[in-house]
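Me: I would like to go through this protein with you and ask, for each label, what it rests on. Please set the values against the cut-offs as we go.

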Amino acid sequence: MTRVVLSIGSNLGDRMARLRSVLDGLGPAVRAVSGVYETDPWGGLDQGQFLNAVLVAEDPARDGQAWLRRAHELEDAAHRVRGERWGPRTLDVDLVTCHETAPDGDTLVISRDDGLTLPHPLAHLRAFVLVPWLAIEPDAELMVAGRNRPVSALVAELDPAERAAVRRTDLSLGAPPGADTAR
């Protein structure tokens with residue numbers, strides 16, 4: 001069994017429909033979904049506001065590479081164009097962390113190859129990832145520089161302007177049956 005934390009975002013077209021397409025595309029694998037946040041663009045480019053959310057999903061048949069392929073399939077279905085780094089996008093699906101569950105416990109997947117870097121190397125700097133994640137997993141931890149850090153501490157360490165740029169909306173993605181939701 002693998003468990004992933006996915007950060008999803010869109011700032012082009014029907015942003016909510018793009019985010020919902022990820023829930024629809026993952027179906028019953030989704031275990032939890034955050035609320036929807038409107039966020040300022042990250043990376044210094046002049047562009048529209050993003051809608052962002054975080055999902056937790058599980059699937060016994062997927063490893064990190066399979067999750068990455070599925071993320072790319074979802075982006076391709078939304079006609080994602082990979083152009084300018086941190087530029088506008090119809091849909092962005094990032095793997096933040098991946099854990100494999102075995103009878104003897106949970107193991108963090110660490111990857112630095114084949115186009116997959118896990119844990120995500122910039123997640124600890126991104127309020128638009130950390131704030132929604134914390135809403136659905138208050139005890140979440142993220143490996144940063146070789147050690148696990150509470151996501152709550154990482155959020156507290158962010159610049160207040162970064163945190164203020166992540167605003168909870170009244171929008172909701174809903175959830176597949178059996179999934180937990182957090183507002």
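Me: In which sense do strand 1 and strand 5 pair, and over how many bridges?

Reply: This is a predicted model, and in it strand 1 (residues 2–10) runs antiparallel to strand 5, the two being paired over eight bridges.

Me: What makes strand 5 count as largely enclosed by the rest of the structure?

Reply: Strand 5 covers residues 92–102, and eight of its eleven residues are buried, so the strand is largely enclosed by the rest of the structure. As a background figure, 49% of the 183 residues of the protein count as buried.

Me: Why is T2 called buried?

Reply: T2, which lies in strand 1, has a relative accessible area of 4%. Buried means under 20%, so T2 at 4% is called buried. Leaving out residues up to four places away in sequence, T2 touches a set of residues that includes A57, D59, R62, W67 and H99.

Me: How do you know that the side chain of T2 makes a polar contact with R62?

Reply: The side chain of T2 reaches the backbone oxygen of R62 at 2.4 Å, and the cut-off for a polar contact between N or O atoms is 3.5 Å, so this pair falls within it. R62 itself is found in the loop between strand 4 and helix 2, where its side chain also makes a polar contact with the side chain of D59 at 2.9 Å. Apart from neighbours within four places in sequence, R62 is in contact with T2, W67 and R70.

Me: Which residues touch the most other members of the largest nonpolar core, and which element gives the largest share of this core?

Reply: The largest nonpolar core has 29 residues, and those touching the most other members are I8, V22, L26, W67, V93, L95 and L173. Several elements each supply at least two residues of this core, among them strand 1, helix 2 (64–77), strand 5 and strand 8 (116–118). The largest share, five residues, comes from helix 1. A second, separate core of 22 residues includes A32, V56, L130 and V144.

Me: Which residues does L95 contact, beyond its neighbours within four places in sequence?

Reply: With those neighbours set aside, L95 is in contact with V5, L6, G64, W67, L68, A71, L116, L118 and H120.

Me: Why is A71 called buried?

Reply: A71, whose place is in helix 2, has a relative accessible area of 3%, and since buried means under 20%, A71 is called buried. Not counting residues up to four places away in sequence, A71 touches V93 and L95. The C-alpha atoms of A71 and V22 are separated by 8.5 Å, although these residues are 49 residues apart along the chain.

Me: What makes D40 and R167 a salt bridge?

Reply: The closest N and O atoms of D40 and R167 are 3.2 Å apart, and the cut-off for a salt bridge is 4 Å, so the pair qualifies. This pair links distant parts of the chain, with D40 in the loop between strand 3 (37–39) and strand 4, and R167 in strand 11 (residues 166–168), 127 residues apart. The structure holds nine salt bridges.

Me: Why are D40 and R167 called partly exposed?

Reply: D40 has a relative accessibility of 33%, and R167 has one of 30%. Buried means under 20% and exposed over 50%, with partly exposed in between, so both residues count as partly exposed.

Me: How do you know that R149 is buried, and is E157 buried or exposed?

Reply: R149 has a relative accessibility of 14%, which lies under the 20% cut-off, so R149 counts as buried. E157 has a relative accessible area of 53%, and exposed means over 50%, so E157 is exposed. R149 and E157 form a salt bridge, with their closest N and O atoms 2.3 Å apart.

Me: Which salt bridge does R89 make, and are its residues buried or exposed?

Reply: The side chains of R89 and D92 meet in a salt bridge at 3.3 Å, N to O, and both R89 and D92 are buried.

Technical notes:
Residues numbered from 1 in each chain as written. Predicted model: local features only at pLDDT ≥ 70, side-chain atom pairs only at ≥ 80, totals over all residues. Heavy atoms only, no water. Buried < 20%, exposed > 50% of the residue type's maximum accessible area, 1.4 Å probe, protein only. Helix = DSSP H or I, 4+ residues; strand = E, 2+ residues; numbered from the N terminus. Pairing = 2+ DSSP bridges. Polar contact = N/O pair within 3.5 Å; in protein donor to acceptor, adjacent residues only side chain to side chain. Contact = heavy atoms within 4.5 Å. Core = buried A, V, L, I, M, F, W, Y, C linked by side-chain atoms within 4.5 Å.
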